[in-house]
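Hello,

Here is the structure I said I would pass on. My notes follow below it.

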Amino acid sequence: MKFRKLGRTQLEVSEIGFGAWAIGGGWGPQSESDSVAALNRALDLGVNFIDTAAGYGDGKSERIIAEVLKGRRESVVVATKTPPTAGPWPPSPYCVASARYPEKYLRENIEQRLRNLGTDHLDILQLHTWTRAWNRGPEPFVVLRKLKEEGKVRFVGVSTPEHDQNSVIGLIRDGWVDVVQVIYNIFEQEPAAELLPAAAEAGVGIIVRVVFDEGSLTGKWSGDTQFPEGDFRRSYFQGDRLGRAVARAGRVAETIQGSGYTLAQAAMKFALAHPAVGTVIPGMRNPAQAQANCAASGMADMGPELQQGLHKHNWLRGFWYSGK
């Protein structure tokens, strides 16, 4: 496993991290024994960065992580997320920052994150979404700075809103965040235009999520794949979307022929090729997935010629997260 500095935090993190959404639920049936085995296998293979959230199974993901990390806590960096209070998701232009992330709520929610993770401090606390409407008065980060001073949180960040990732660039440039979690993959290349360079200039660590485009860039699916009830991909890939994504993934597979990478390996290596990126956090639901994902770190880095060849697969498709 290779390691990288996560921006100015100076944390040394594995370039392949553990995305812990699926072990909390929301991706179809998932046994806790598989979740525990996946985490342990990833840690054994050198993973020392785990990303979770309050919303992943209403804290279930955090509690599983806490149980696995007993006796291993000192060597692992855990990032979690606090969602806004009840209201539109993503936040609307009319939402008020201090109403959706009020100080009392933030403090209480972070105490719950601490209890779930069985720790007295959080390595990284991220706000789980954002809106441009809050850029002129980012009060929630004033509160998070207090929590840093109090020792409750080491570093703070934000997970980009899926439909408007560039809305966090102001937070980056104004010094409010230590890390940003961003969607960046072979289909979603927009962050390379400004967000990633701005983060590099500011020393903000980048955590890449959705590196497999919610699974379409693994090469495991066909246009006839069915997702079970309760699996969020059932909405994300509604209607003709799955067929379109599978067809485009097939064209990516043609581009990488002869590279020595599988489609999933190429997806991870493409994201890791950007110098601003600290870690990618694919989901790992069982030991076999942990093995396959972690193995990519030991492969040769993606060369500039293949990177350029993959640029043509940038896909301007709009916003899929709310379904059709």
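**Around Trp320**

The side chain of Trp320 has a polar atom 3.4 Å from the backbone oxygen of Arg317. Please keep in mind that this is a predicted model.

Trp320 belongs to the segment that follows helix H12 (304-311). With a relative accessibility of 4%, below the 20% cut-off, Trp320 counts as buried. Apart from neighbours within four places in sequence, the residues in contact with Trp320 are Tyr236, Phe237, Arg241, Arg244 and Trp315.

For a sense of distance across the model, take Asp34, which is 286 residues from Trp320 along the chain: the two C-alpha atoms are separated by 29 Å.

**Aromatic pairs**

The count of aromatic pairs comes to 19. One of them is Tyr184 with Phe270, a tilted pair at 5.7 Å centre to centre and with 35° between the planes. Tyr184 is in the loop between strand S8 (179-183) and helix H7 (195-202), while Phe270 is in helix H10 (residues 263-272), so this pair ties together parts 86 residues apart in sequence. Both Tyr184 and Phe270 are buried.

Tyr236 and Phe237 also form an aromatic pair, this one edge-to-face, with 4.8 Å between centres and 85° between planes. Tyr236 counts as buried because its relative accessibility is 3%, under the 20% limit. Phe237, at 5%, counts as buried too. Tyr236 and Phe237 are both among the contacts of Trp320 listed above.

**Around Ser297**

The other site I looked at is Ser297, in the loop between helix H11 (287-295) and H12. Ser297 is buried, with a relative accessible area of 1%. A polar atom of the Ser297 side chain lies 2.9 Å from the backbone nitrogen of Lys2. Lys2 is also one of the contacts of Ser297 once neighbours within four places in sequence are left aside; the others are Met1, Glu15, Ile16 and Lys269.

Regards

Notes:
Residues are numbered from 1 along each chain as its sequence is written. This is a predicted model: local features need pLDDT of at least 70, side-chain atom pairs count only at pLDDT 80 or more; totals for chains, interfaces and linings use all residues. Side-chain values use heavy atoms; hydrogens and water are left out. Helices (H or I, at least four residues) and strands (E, at least two) are DSSP runs, numbered from the N terminus. Buried means under 20% relative accessible area, exposed over 50%, partly exposed in between (1.4 Å probe, protein chains only). Contact means heavy atoms within 4.5 Å. A polar contact is a pair of N or O atoms within 3.5 Å; within protein, one must be able to donate a hydrogen and the other to accept it, and residues adjacent in sequence count only if both atoms are side-chain atoms. Rings of Phe, Tyr and Trp (its six-membered ring) pair if their centres lie within 6.5 Å; planes under 30 degrees apart count as stacked, over 60 as edge-to-face and the rest as tilted.
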